[in-house]
Amino acid sequence: MALCATMEAANISNSCISTFLPSQSSLFFLSQPSVLSLKNHRFKHTVILASRNGDSVVTLLDYGAGNVRSVRNAIRSLGFEIKDVQQPEDILEADRLIFPGVGAFAAAMDVLTERRMAEPLCTYIKNNRPFLGICLGLQLLFESSEENGPVKGLGIIPGVVGRFDSSNGLRVPHIGWNAVQTTQDSEILEDIGGRHVYFVHSYRAMPSDANKEWISSTCTYGDDFIASIRKGNVHAVQFHPEKSGDVGLSILRRFLGTNTSYVGEKQTEQKASKLAKRVIACLDVRTNDRGDLVVTKGDQYDVRDHTKEHEVRNLGKPVQLAGQYYVDGADEVTFLNITGFRDFPLADLPMLKVLRYTSENVFVPLTVGGGIRDFTDANGRHYSSLEVASEYFRSGADKISIGSDAVYTAEEYRRTGVKSGKSSLEQISRVYGNQAVVVSIDPRRVYLKSPNDVEFKTIRVMSPGPNEEEYAWYQCTVNGGREGRPIGAYELAKAVEELGAGEILLNCIDCDGQGHGFDTDLIKLISDAVSIPVIASSGAGAVEHFSEVFQKTNASAALAAGIFHRKEVPITSVKKHLLDRGIEVRL
């Protein structure tokens, strides 16, 4: 039996007065007595919303997995303070509880059990106390999960959490902005109609006769799955409101009881109907010659101006640019630290600060990459790549991008056929879930006279090479494109998918900074070869390049940098163009 299934129901009195108790990863709300009856674990629908009349404090339960900084920042942006849950009793004393689960199901259940928090959490929810679960915070309410399992859940809602079926071409993880269909009045979802919200998960709970009374909305991805539940004062959502922009903040605002629509509501005739194609703003970040952290842009990976001074190209400050792109409608923001932590990443405080400051006001997903690997510092202290990644998650990153280290891991895996479990890719994926791991591939096109000239996957090119070659392969590189490796982009993509990558950021050195369009040959090759989402990168110079890559390939997202930094092509223009071409986007 699931953990909470053994607990007895009782008649309990609660009140409708609530306050938030802050914490660093989850929010717990406490309520004073009011009449409410539980019989056979069934709720009377006495609705309690967080009130601003009492203490404006939210208690957050942080069990130490993933990025909950954004949840904290979203709550603070709404005028509430946060208090951490330190012991199990804090749950039962909470006026309101928000539980932003992040990471893997089994790991989360282990932490809840070891810290003696599972039973108080079940009691709190079964007593119909105000509760909001987010992502894994929804999944844990079910009886069990197939993720690394079966693993028993809290057992409050009937059903098993299973993996999306990718056998019919569905890309897993489900990453991006999708539409939801409400099935009952949920109150906190009142502002969501017609808008996209952000999902990132590989597992989902399915509707059934046994759990239909809980379901407040569904989402379609392959099949219809449960997007949110509501019974009485208990709410949970599979998507991330703290990463869903203004519409997501409105959900938190309504749960907290301010009962106002979100500011800046966008008037549009477009209604969200399916998973949208994503437009991502990328910021290549490095220190210039004066030690300042700046956003730069390469020309085939060369970031220095072709002037006498030969200085690092400076296109702005990272925090301010990220904030502007959020306002402009970027679906995600990616930071690539191309300095690469040449000494030691945990000492790279400026980049950590960039993440922390950005996440205070940017409520869409943040990815960070650059130098994420095992390190030994000058004192001989060893730090695993998992520790490095954990620091970035705690600082505000939602996803980690791994480059060179993934190439070496894939080469070894192809040579031995054995998964060591010790690589940065495998470790981070195992602890935080594969949806948190992006592999950045930096290939260079190598032309061939014959496809038999190399052992790697080749393509017949649409435009002949410099010596009229009709074929090419894509050689992967490391160290910022400076060193070629004996592995192709196709082989690397297949290997890292097997090793636990959840997404591929596909660059192209030949196209970088040229503005002639994405390498659709490369992107089609890779997006057809894997079942995880692929982000097209390198070469965008006009709005038409975005529609071209989405129409000719199976890319899930397209990323650009320089054209946004230099204001040559606004993000709003890209999205309007895509919409005019019948390509669904988030507005």
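These legends walk through an overview and several close-ups of the structure above.

The model is predicted, so local features need pLDDT of at least 70 and side-chain atom pairs count only at pLDDT 80 or more, while totals for chains, interfaces and linings use all residues. Residues are numbered from 1 along each chain as its sequence is written, and side-chain values use heavy atoms, with hydrogens and water left out.

Overview. Of its 587 residues, 61% count as buried, where buried means under 20% relative accessible area, exposed over 50% and partly exposed in between (1.4 Å probe, protein chains only). Take the contacts between residues at least 6 apart in sequence: 72% of them join residues at least 24 apart. Contact here means heavy atoms within 4.5 Å.

**View 1. Helix H3 and what its buried side packs on.** H3 covers residues 105–114, and its buried residues are Phe-105, Ala-106, Ala-108, Met-109, Val-111 and Leu-112. They pack against helices H4 (118–126) and H5 (136–139), plus strands E7 (95–101), E9 (142–145) and E10 (151–152). After H3 comes Arg-116, with a positive phi near 60 degrees.

**View 2. Ser-145 in strand E9.** Look for Ser-145 in E9; this residue is buried, with a relative accessible area of 0%. Its side chain reaches the backbone nitrogen of Glu-147 at 3.0 Å. Not counting residues up to four places away in sequence, Ser-145 touches Phe-105, Pro-150, Val-151 and Val-161.

**View 3. Thr-367 in strand E22.** Thr-367 sits in E22, which spans residues 366–369, and is buried at 4% relative accessible area. Leaving aside neighbours within four places in sequence, Thr-367 is in contact with Glu-332, Val-333, Thr-334, Phe-335, Lys-399, Ser-401 and Val-438.

**View 4. Helix H10 crossing helix H12.** The axes of H10 (residues 404–416) and H12 (residues 489–499) come within 9 Å and cross at roughly 90 degrees. Axes are lines fitted to C-alpha atoms, for helices over the stretch in contact, and angles run from 0 to 180 degrees between N-to-C directions. That makes the two helices roughly perpendicular, the word used for 65 to 115 degrees. H10 brings Ala-406, Val-407, Thr-409, Ala-410, Tyr-413 and Arg-414 to the contact, and H12 brings Glu-491, Leu-492, Ala-495, Val-496, Glu-498 and Leu-499.

**View 5. Tyr-490 in helix H12.** Tyr-490 lies in H12 and is partly exposed, with a relative accessible area of 23%. Leaving out residues up to four places away in sequence, Tyr-490 touches Lys-457, Leu-525, Ile-526 and Ala-529. From Tyr-490 to Leu-522 is 32 residues in sequence and 8.8 Å in space, C-alpha to C-alpha.

**View 6. Helix H14 against helix H16.** H14 (residues 543–552) and H16 (residues 571–580) pack at an angle of about 45 degrees, with their axes 9 Å apart. The pair is therefore oblique, meaning the angle is not under 35 (roughly parallel), over 145 (roughly antiparallel) or 65 to 115 degrees (roughly perpendicular). On the H14 side, the contact is made by Val-543, Glu-544, Phe-546, Ser-547 and Phe-550; on the H16 side, by Ser-573, Val-574, His-577 and Leu-578.

Terms used:
Helices (H or I, at least four residues) and strands (E, at least two) are DSSP runs, numbered from the N terminus. A polar contact is a pair of N or O atoms within 3.5 Å; within protein, one must be able to donate a hydrogen and the other to accept it, and residues adjacent in sequence count only if both atoms are side-chain atoms.
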